[in-house]
Amino acid sequence: MHIAETGSALREILKNAPRPVVLVPTMGAFHPGHLSLMRRAREIAGPDGTVVVSIFVNPIQFDRASDLAAYPRPMASDLAACESAGVDLAFTPAADSMYFADRSVTVSETLLSRGLCGAARPGHFDGVCTVVLKLFLLTGCDASVFGEKDFQQLAVIRRMVRDLDVPVEIIPCPTIREADGLAMSSRNSRLTPEQRADAPRIRRALLAAAGLTSPAEIIASATASIEASPLSRIDYLSLVDAETLQPVTSLDRPSVLATAVFYGEVRLIDHVSIPKTSA
Ligand code: AMP
């Protein structure tokens with residue numbers, strides 16, 4: 001496996017790399033969810049194509065300095081995981097090699113990124129779009145793999161690719177969960193044992209509410225189930241159109257029930273899809 005620490009080193013290694021080049025953008029601290037994306041990338045690349053994994057804790061997508069500082073960075077074990085997943089190239093840039101100190105251009109998505117995580121985290125999706133477009137340009141990838149866990153991120157990236165004619169195929173991957181249903185996340189390791197034991201209620205609350213028949217009932221039920229815990233605090237809980245991510249008041253289109261929940265300082269997200277149930 002090659003390792004590149006700068007954009008120019010990356011370009012040099014990829015100059016004659018066999019196609020397709022398939023990119024998995026990550027912030028590291030790998031768990032089985034990330035490994036499933038790498039496996040999918042290998043399937044798409046085939047035995048002869050090139051799988052690139054970027055490991056970069058992108059400072060411009062964090063709105064809280066404490067969250068950025070606390071983000072785990074187990075680089076040695078991450079590189080070992082890439083190696084054993086059959087990754088061809090790991091890209092591990094430092095922040096100052098990705099961004100000029102006086103950078104002044106940002107990619108901004110202005111509709112899908114307004115609500116949900118975007119409302120609570122101003123500038124987050126600008127940071128995501130900017131780094132993802134830079135990674136696409138640096139690698140010249142043909143395809144890139146994203147987890148459905150971050151479904152708003154996936155929708156925003158798809159919109160960026162559509163609106164800017166970016167020649168990269170976006171490949172979604174299903175959410176990988178712990179045995180008790182909690183979506184795997186690098187942040188789960190920051191939960192106390194008590195918080196960790198409580199956190200699967202998020203998934204249970206969403207699934208139970210998804211079976212109800214009106215948006216008001218769905219939101220009330222999920223809110224009550226999550227708020228029943230004294231350990232957690234809802235950041236947002238919304239029922240939105242699956243494509244536009246705008247709030248819905250009827251179930252006549254596929255929609256998504258999405259939430260972000262704080263356990264102390266740790267913010268967890270999850271969602272369930274709700275198929276169209278009425279005309
Ligand atoms: P991260 O490094 O956590 O920002 O995520 C890198 C990629 O892994 C993103 O495309 C995420 O959506 C994806 N991902 C994170 N957690 C999971 C999970 N539990 N299942 C599937 N994909 C995931």
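**Strands and cysteines in a predicted model**

In this predicted model, strand β1 runs parallel to strand β4 (residues 89-91), and three bridges join the pair.

Visitor: What makes β1 and β4 a pair?

Guide: Pairing takes at least two bridges between two strands. β1 and β4 have three bridges, so they count as paired. One of the contacts along them links His-2 to its bridge partner in β4, Leu-89.

Visitor: Why is β1 called an edge strand?

Guide: The open sheet has six strands in the order β1-β4-β3-β2-β5-β6, with parallel pairing. β1 (2-4) pairs on one side only, and so does β6 (169-173), which makes these the edge strands.

Visitor: How do you know that helix α7 packs on the sheet?

Guide: Contact requires heavy atoms within 4.5 Å. Helix α7 (residues 124-139) touches β2 (21-26), β3 (50-55), β4, β5 (143-147) and β6. Its direction makes about 150 degrees with that of β2.

Visitor: How do you know that Cys-82 is in no disulfide?

Guide: A search of the whole structure finds zero disulfides. For Cys-82, the nearest cysteine sulfur belongs to Cys-173 and is 15 Å away. Cys-129 is in no disulfide either: the nearest cysteine sulfur, that of Cys-117, is 13 Å away.

Visitor: Why is Cys-129 called buried?

Guide: The cut-off for buried is under 20% relative accessible area. Cys-129 has 0%, so it is buried. Cys-82 also counts as buried, because its relative accessibility is 0%.

Conventions
Residues are numbered from 1 along each chain as its sequence is written. This is a predicted model: local features need pLDDT of at least 70, side-chain atom pairs count only at pLDDT 80 or more; totals for chains, interfaces and linings use all residues. Side-chain values use heavy atoms; hydrogens and water are left out. A disulfide is a pair of cysteine sulfur atoms within 2.5 Å. Buried means under 20% relative accessible area, exposed over 50%, partly exposed in between (1.4 Å probe, protein chains only). Helices (H or I, at least four residues) and strands (E, at least two) are DSSP runs, numbered from the N terminus. Axes are lines fitted to C-alpha atoms, for helices over the stretch in contact, and angles run from 0 to 180 degrees between N-to-C directions.
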